[in-house]
Amino acid sequence: MAPLLVGIVPFGLAFGVAAGQSPIGGGLGYATSVIIFGGAAQLAAVQLFDAGASAAVIIATALVINARHLMYSAALAPHFREFSPGWRIALPYLMTDQAFAVSITHYEIVDDPARKRRFFIGAGIGLWVTWQITTGLGTVAGASVPESWSLDFAIPLVFLALLVPTVKSRPGLTAAIVGGTVAVVGASLPYNLGLIIGALSGIAAGVVAEHVAR
Amino acid sequence: MSPWLTVIVIGTGTYLTRLSFVGVLGARSMPAWAERPLAYVAPSVLAALVLPAVLLRDGGLDLTPAGNPRFLAALAAAVIVIRYKSVSWSIVVGMAMLWLLQWLV
């Protein structure tokens, strides 16, 4: 668990700095940490706000990025079945890539519902608090750093670091190449539609590549 | 739509995807046709975010160190994350490379 918490520190700081320097303002930038609580979608939203994208494009892009939570929710549902309705409504707010990964691994060795619930709460709150502190600190720092430092470059660097482990399989690599290329070609499209069209093309290409490989 | 409202809509939509199976759909499993596309969300979205940011400068393709130092800096960061699997160091090296190139050219 500790390495996971340390691992999100650079993401949190990088997001905070980007949000602090963004024209949308540090207040709203930081508020996304509470309201959205999903790093990649928060980073993409700030980048699109900066580029002047329309609300519809920003919402569609962020929700495509966060659609992976459907998968996590489906995988966690059998383990959460015995929790009270209150817990089943409250706990999903804490669902993140990291909280999902550690919990689903832990649930292979634990059967007791109470212990399962405690573990998810512990992991989720640990990650939530770490995210709030690092994005908050980053926002304050970002607002006071001159633009010539090019700290906005930390955003693509974070995405790049997240991208590398996802392209280990051939369909994953195909999805990335198609998604990235379409986004580059479509970069001049109005409303920043290039990003969402690129993303959807990449997803389609990945599914086709997986089908061909079978 | 105001930026605040946009963020609230994203937050609500995100929460509903998290809630979906745990809260409403119960323990029924995810249909395979839905699961397969989701596996490719991460690589395609991330590449669609990264590539335009590091390959394009003022709307055009530019890979020269003088015109677009971000491309070389991103390459350096990619090497670090592939070779050493360290996210923190890849960000540090990428930023340092960008500053060095901006100072040199």
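This is a predicted model: local features need pLDDT of at least 70, side-chain atom pairs count only at pLDDT 80 or more; totals for chains, interfaces and linings use all residues.
**Stop 1: chain A**

Select chain A and colour by secondary structure. You will find 11 helices and 0 strands. Along the sequence the pattern reads α-α-α-α-α-α-α-α-α-α-α. The radius of gyration is 18 Å, close to the 17 Å given by the globule rule for 214 residues, so chain A is as compact as a globular protein of that length. Along the principal axes, the C-alpha atoms occupy a box of roughly 55 × 50 × 30 Å. Of the 214 residues in chain A, 51% are buried. Now consider contacts with a separation of 6 or more: in chain A, 75% of them join residues 24 or more positions apart.

**Stop 2: chain B**

Switch to chain B. It holds 5 helices and 2 strands. Starting at the N terminus, the order is α-α-α-β-β-α-α. Buried residues account for 46% of the 105 in chain B. Among contacts with a separation of 6 or more, 27% in chain B link residues 24 or more positions apart.

**Stop 3: where α11(A) meets α3(B)**

Which hand does the crossing of α11(A) and α3(B) have? It is right-handed.

Show side chains next. On the α11(A) side, pick A:Leu195, A:Gly198, A:Ala199, A:Gly202 and A:Ile203. They meet B:Val41, B:Ser44, B:Val45, B:Ala48 and B:Leu49 of α3(B). By class, this contact has 7 nonpolar and 3 polar residues, with no charged ones.

**Stop 4: B:Ser90**

Move to helix α5 of chain B, residues 87–104, and centre on B:Ser90. Is B:Ser90 buried or exposed? Its relative accessible area is 2%, under the 20% cut-off, so B:Ser90 counts as buried.

Check the polar partner. A polar atom of the B:Ser90 side chain lies 2.9 Å from the backbone oxygen of B:Val87.

Finally, display the surroundings, setting aside neighbours within four places in sequence. B:Ser90 is then in contact with B:Ala77, B:Ile80 and B:Val81 of chain B, and with A:Ala161 of chain A.

Methods
Residues are numbered from 1 along each chain as its sequence is written. Chains are lettered from A and ligands numbered from 1 in the order in which they are written. Side-chain values use heavy atoms; hydrogens and water are left out. A crossing is left-handed if the near helix is turned anticlockwise from the far one by less than a right angle, and right-handed if clockwise. Helices (H or I, at least four residues) and strands (E, at least two) are DSSP runs, numbered from the N terminus. Contact means heavy atoms within 4.5 Å. Ala, Val, Leu, Ile, Met, Phe, Trp, Tyr, Cys and Pro count as nonpolar, Asp, Glu, Lys and Arg as charged, and the others, Gly among them, as polar. Buried means under 20% relative accessible area, exposed over 50%, partly exposed in between (1.4 Å probe, protein chains only). A polar contact is a pair of N or O atoms within 3.5 Å; within protein, one must be able to donate a hydrogen and the other to accept it, and residues adjacent in sequence count only if both atoms are side-chain atoms. The radius of gyration is taken over C-alpha atoms; the globule rule is 2.2 Å times the number of residues to the power 0.38.
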